[in-house]
Amino acid sequence: MAAGGAPAVLIEVFGCQMNVVDAELVLGRFAALGFARSTAYDDADVVVFTTCSVRGHAEERVYSRLGALRRWKAERPGRVLAVMGCMAQREAQRITRRVPHVDIVCGTRDFPALPDLVERVRAGRAGPRPLVLVDGRERPDAARRPEARLRRRQAYVAIMRGCNRACAYCVVPGARGREVSRPLEEVAGEVQALVAAGVVEVCLLGQTVNAYDGQERGAVTLGTLLRRLEGVRGLRRLRFITSHPASFDADTLAAMAESSKLDRFLHMPLQSGSDRILKAMRRGYTLERFRAVASRVRALIPDMRFGCDWIVGFPGESEEDHGLSLAACEELRFVQSFVFKYSPRPGTFAAEHLADDVPIEVKKRRHRELLLLQERISLEENLALRGRIAEVLVEGRSRLDPAKWSGRDAAHRIVVLDDDRLAEGALCSARIVDATALTLFGEVESLAEAPA
Ligand code: 5AD
Ligand code: SF4
């Protein structure tokens, strides 16, 4: 119970940025029902997990955290434990079997109803538990309350949900359904409201964000939205994730080049440098096509940098295939790589039809090799920035040294600054004086006006 007698809700976010948005949506509704937010389990009356299914490891983490909450639940009668997100959608029955102290399981389109369900459970009006809700058709984003946010100056905005692609390894189409874009003006209104509430940086989210069509295919693209958001006063920075290499259209690329607010960082996963593996993954492009897209982007926006996701040890991946991934990483000079060991997910094409035949030791070595290569590239790229001026948006205190500030440059690289005049949300020009593979260190040269 929070001070003042209001019931308290704690929300724990696993998985991707979409889960952050979903958590904020749910928190907004809880706040409207009179709940306070808590970050301490001892104080919490309600705990909500937003879960991820993308790899087996992600699910096991959730199960182990849920198991650890048995004591919490038993300690005080009336406490409520709820699970939402991709794992809730995919394996509601298994969750209720493995974790009998879970009260509510809410799928990826049902969670807007979660706070009201919790209220009913707390009032003893919900009937037998667990309650499982996984077949909803709600449009969750329409209910966003801009004041309910996990971060003060930055916000994620879901512009579409679901995914129409069918990558052989991926649970997302199964967990999140078909693509549905939000209308352009609805998104613009949300961004405007967030900026009015103090947000300076917005990251637009979609599983295949560059397939955004505002429900007006042919008339609206992600580019239309970027142009619309360019006019939002007070919005300083804009990004979008995740782009699919085969989904860019010419208008969107042109709008990206025109934008003064867009980050110079594009997260565009290649996944593998081998055409044979890309085909088996059903990614819908070859390395050559990826190269062509990257070149087109760089021709229009010379300072654009790319970030990548890789899966190592996909079924059938040979040493030669892996070598092609290393070569592609070197050639394309990504500034950031997330590397994942292939994890067969029940219900996906790969798990059902392809043998998980790369031994775990080999997956681990390939994982290490790609990460080490990325580290070397990042270090080279970062050292080359010494002496240059970067525009930095301050995100908060540096985690390693809380006396200093940490922000991001336009290519989304972390920049640590030591200057008393800074504050969260401040924008400044800084000269880069030193660098590691992960961090740039800068000295403030000039400060833009302080944010309200
Ligand atoms: N195994 C390993 N990595 C996966 N990813 C998605 N599905 C799997 C899987 N089954 C990775 C991809 C994706 C990122 C979010 O997670 O690289 O881009
Ligand atoms: Fe995890 Fe994918 Fe769901 Fe995000 S959309 S929570 S990454 S499974």
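**Entry 1: a pocket**

What volume does the second largest pocket have? I read off about 310 Å³. I keep in mind that this is a predicted model.

Next I asked which residues line the second largest pocket closest to its centre. Of the 16 lining residues, Asp303, Leu385, Arg388, Asp409 and Arg413 are the closest to the centre.

I then sorted the lining of this pocket by class and found eight nonpolar residues, eight charged residues and no polar ones. Strand β15 (residues 389–397) gives the largest share of the lining, with three residues. I also checked the domains: domain 2 (154–381) and domain 3 (389–449) each supply at least three residues to the lining.

**Entry 2**

I moved on to strand β19 (residues 439–447) and its pairing. How do β17 and β19 run, parallel or antiparallel? Strand β17 (residues 414–417) runs parallel to β19, and four bridges join the two. I looked up one partner: Ile414 is bridged to Thr439 in β19.

With strand β18 (residues 427–435), the pairing of β19 is antiparallel and has seven bridges. Here I noted that Ile432 stands opposite Gly442 of β19. A hairpin of three residues leads from β18 to β19.

**Entry 3: ligand 1**

Which residues are around ligand 1? My list has Val54, Arg55, Tyr169, Gln271, Asp309, Ile311, Phe340, Lys341, Tyr342, Ser343 and Arg345.

- The side chain of Gln271 has an N or O atom 2.7 Å from an oxygen atom of ligand 1.
- Asp309 places a polar side-chain atom 2.6 Å from an oxygen atom of ligand 1.
- Ser343 uses its backbone: a polar atom there is 2.8 Å from a nitrogen atom of ligand 1.

**Entry 4: ligand 2**

Around ligand 2 I found Cys16, Asn19, Thr51, Cys52, Ser53, Val54, Cys86, Val171, Val172, Arg176 and Gln207.

How many residues of each class make up the shell around ligand 2? I get six nonpolar, four polar and one charged. Which domains does this shell draw on? Domain 1 (3–133) and domain 2 (154–381) each contribute at least three residues.

Conventions. Residues numbered from 1 in each chain as written. Chains lettered and ligands numbered in written order. Predicted model: local features only at pLDDT ≥ 70, side-chain atom pairs only at ≥ 80, totals over all residues. Heavy atoms only, no water. 1 Å grid on protein atoms, 1.4 Å probe; cavity = no way out; pocket = protein on both sides within 12 Å on 5 of 7 lines; lining within 4 Å. Points joined across faces, edges and corners; volume = space filled by probe spheres on them. Nonpolar A, V, L, I, M, F, W, Y, C, P; charged D, E, K, R; others polar. Domains from an automatic or database assignment. Pairing = 2+ DSSP bridges. Near = heavy atom within 4 Å. Polar contact = N/O pair within 3.5 Å; in protein donor to acceptor, adjacent residues only side chain to side chain.
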